[in-house]
Amino acid sequence: MAEIELRHIEKSYGETAVVKDVSLSIRDGEFLTLVGPSGCGKSTLLRIIAGLEAQDSGEVVVAGRCVDDKRPKERDVAMVFQSYALYPHLSVFDNVALPLRTRRLSFAQRLPFVGRALPGRGGIEKAIRAEVEQAASMLDIAHLLHRKPGQLSGGQRQRVALGRAMVRHPAVFLMDEPLSNLDAKLRVQMRAEIIALHRRLGVTFVYVTHDQAEAMTMSDRVAVMTAGELLQVGQPEQLYRDPQDLRVAEMIGSPKINVVSCDHWMSLGASLPPGVDGNTTHLAFRPEAVGIAAPGDRRLNGVVTSVENLGSDIFLNVALADGCGAVVVRTHPDVSRSEPGRPVGLQIDPACLLQFDGAGMRLRQADQVEAAA
Amino acid sequence: MIARFPDRRFAGRVARHAILILTAAFALLPFVWMVSLSLKPPEEIFQADFHLWPTAFHGVENYRVALTAAPMFRFLLNGLLVCTAIFALQLLVCIPCAYALAKLRFRGRDTLFSAVLVGLLLPPQALAIPHFVLLNVFGLLDSYAALILPWVISTFGIFLLRQFFRSIPDEIIHAARLDGLGEFEIIWRIMIPMTTPALAAFGIFSIVAHWNDLFWPLIAVRSAEISTPALGILLFRDDEAGQFLGPLMAGAVIIVAPLLVAFLIAQRRFIDGLAVTTMK
C-alpha cells in the first residue's frame, strides 16, 4: 500500500519558482503521469517525491507517513532516469544487484576489500544472484548480465534501468522521461512493456513525460503542469473532452485543439454559436468536431492550405481569412477530398465547442455543468 | 578529393612530422646527453669533441660508484615512501573535497571554490618559510613528516578532480542515492572508478613533482637517511674536480628510470580509463 499525498509543495531556485503550491494525491497502485512542457517543474516534483531535492514548503506523505525527513533510500521508492543513469564501470549484473547489496549487506560487509571476506556474505550474495537473475529473465536481459552498459543498445539499457528499479520491490516507481532517448518504434514497444510491468507489479507508478501521447496512452490519470502550476488532474479522456483550462486543452491532443478568439470570430462575419457566455473570449474545438461544408454567410470560412493524408484520417489545414489563424479539420478519407487552395466553410458541432474566458479558464454552459457534475 | 591533392597531403605530412621530430628531439636532448655522460670516463666528458657513444666505455664503473658511494637504494626507497605517502594523503583529502565542491549543494560552496583557485595561484615557494616555522614548532623538522605533511592538501588536485567530477551526470549520483549508497560509498564505488583517468593524471603530476623536488627537501631535511633521490644526488657534486660527473649522471639516470616506468604503466591505465568514461 503506497498512496502518495503531496500537500502544498513549493520549490524555487533562487528567484525562480519552479513548483507553485502543488497538491496532488496519487492512489495506491495507480499509474499517474505528470505531463507538461519542458521546464514546467514536473521533474523537480518527481525528485521531491524521491527525496533527491528538498521542497521549500509543503509535505510529502507516502503510505500515510510523512517522509520529509527521510533520505531517498528510506522512502521505498525506485526511480528510472531519462539517461538511464547506469553505472558504466559495473556489469549489468552488478548494476542490478547494487540496490540489493546496499540493503542486505551490513556496513562491515560492504567495506572495501575486507567486506568480501566476512562471514555470511556468501549466502546473501547467493540470494541476491537468484533475485537478479529472476528480474533479468522477466525483462529479457538475462543473456546480458556479464556485459557493461556501454555495450548495450538504448532499449537494453532501458531494461537494465527498469531491472535495477524493480529488483528490490519498491512501493513506488518514479520514472523521469524514461523513453525520450529511444527511437520512435522502440518507444512504442517500451510503452507497452511498462504498462504490462505496472499491471504485473501492481504498485504505484508516477511517470513524467512531455509527450502527451505517452501520457494519454499509458496512464490511469494524468496531471497537467505548466510553469510550476498543477492545472488539472483527471483521466485521459476527461482531460481531452473536458479540460478546465485552455492550456490543458492545448497540451492534450494531437493535432492541437483549434482556438479562435471571439473577436476574430465576429470580424470574420460569422455569428457566435448559440449559448456562448458573455465573458467568453476564446472558443476551442477539436479537429474532429469540425466538418467541411460549402462556404456560407454565417459560418467560419477559409481556404485549405495543406492536406495531410494519414491513411485512416485526413487532416486539412484551413487558413481563416484576414490572418485570423488556422484551423485543423479531421476528416474521413471517404467523406471529402480537398486540395490546397479550395475555399471551404467550417461546420462546427456546437456541443463540442469549449468556451474559455480571458484568463484561459473554462466557462461552462448550464447543460455542460450538469454533465460534468 | 584525396586522390586529387596527393602532393599537398604528402607535403603536409612531412612538415607535420618534421615539426614533431624537432620538438621531440629538443625535449629528449638533455636526457640523451645525461645517459651519454653517465657512460663516459671523466677524461672524455670534458673533451672538446662530442661522441654520443663513449669511445672508452666507463658505464659499469660510473653506475657502480653511483650505487655504492651513496646509499642510492635508500634514497630511492625514501623517494618511494615519501611520494606514495604524499599521493595517498592527497587523494584522501582531495577526493572528498572535490566531490563536495562538484556535487553537493551547501552554503558558501562557491566561496570555498574561489579559495581553492586562490590557493592554486600561490607558488609553493611562498609557503616554504611558514611551513618551516610550523614544522619547527612541532619539532618535526628533519623527518619524513617534514617531507610529507606540507603537501598533503593539493589545491591543484582538488581543482582537477572537481572538474572531472562535475562531468559525471547528476542522475548517476541520484540513482546511487536511491540505490542506498551513502555519500562516501558514492565516492568509492561510483566517482573513483569513473574518474580513473583523472586520478592517473593527478598521480603523474603529483609523483613527478615530489620525486623530482629538490627545493623543499633541501630546506626540511639534513640527514642522509631520509634524503629523497633528488637531494641524495647532490652528494655526488664535487666542487673541486669534475671527478664525479659520470657517477652523478649515472645517479640521475637511476632516479629518473622509476618515473619513466611508472609513467608507462600509468599511460596504459590512461587509455583503459578513457575507454570506460567515453561509454555513454
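1. Two strands count as paired here if DSSP finds at least two bridges between them. In this predicted model, strand 1 of chain A and strand 2 of chain A (residues 16-26) meet that condition, pairing in the antiparallel sense over 7 bridges. Within this pairing, Lys11(A) has Val19(A) in strand 2 of chain A as its bridge partner.

2. Strand 1 and strand 2 of chain A form a hairpin, with 2 residues between them. Gly14(A) lies in the turn and has a positive phi of about 60°.

3. Strand 1 of chain A (residues 4-13) also pairs with strand 4 of chain A (residues 57-62), in the antiparallel sense and over 5 bridges. Here Leu6(A) stands opposite Val60(A) of strand 4.

4. Which residues of chain A touch chain B, by element and by class? The contact takes 21 residues from chain A and 16 residues from chain B. On the chain A side, the elements giving two or more residues are strand 6 (77-80) and helix 2 (92-104). Helix 2 of chain A provides the largest share, 4 residues. By class, this side of chain A has 14 nonpolar, 4 polar and 3 charged residues.

5. Chain B is divided into domain 1, covering 2-66, and domain 2, covering 71-239. The C-alpha centres of these domains of chain B are 34 Å apart.

Key:
Residues are numbered from 1 along each chain as its sequence is written. Chains are lettered from A and ligands numbered from 1 in the order in which they are written. This is a predicted model: local features need pLDDT of at least 70, side-chain atom pairs count only at pLDDT 80 or more; totals for chains, interfaces and linings use all residues. Domain bounds come from an automatic or database domain assignment. Two residues are in contact if their C-beta atoms, placed from the backbone, lie within 7 Å. Ala, Val, Leu, Ile, Met, Phe, Trp, Tyr, Cys and Pro count as nonpolar, Asp, Glu, Lys and Arg as charged, and the others, Gly among them, as polar.
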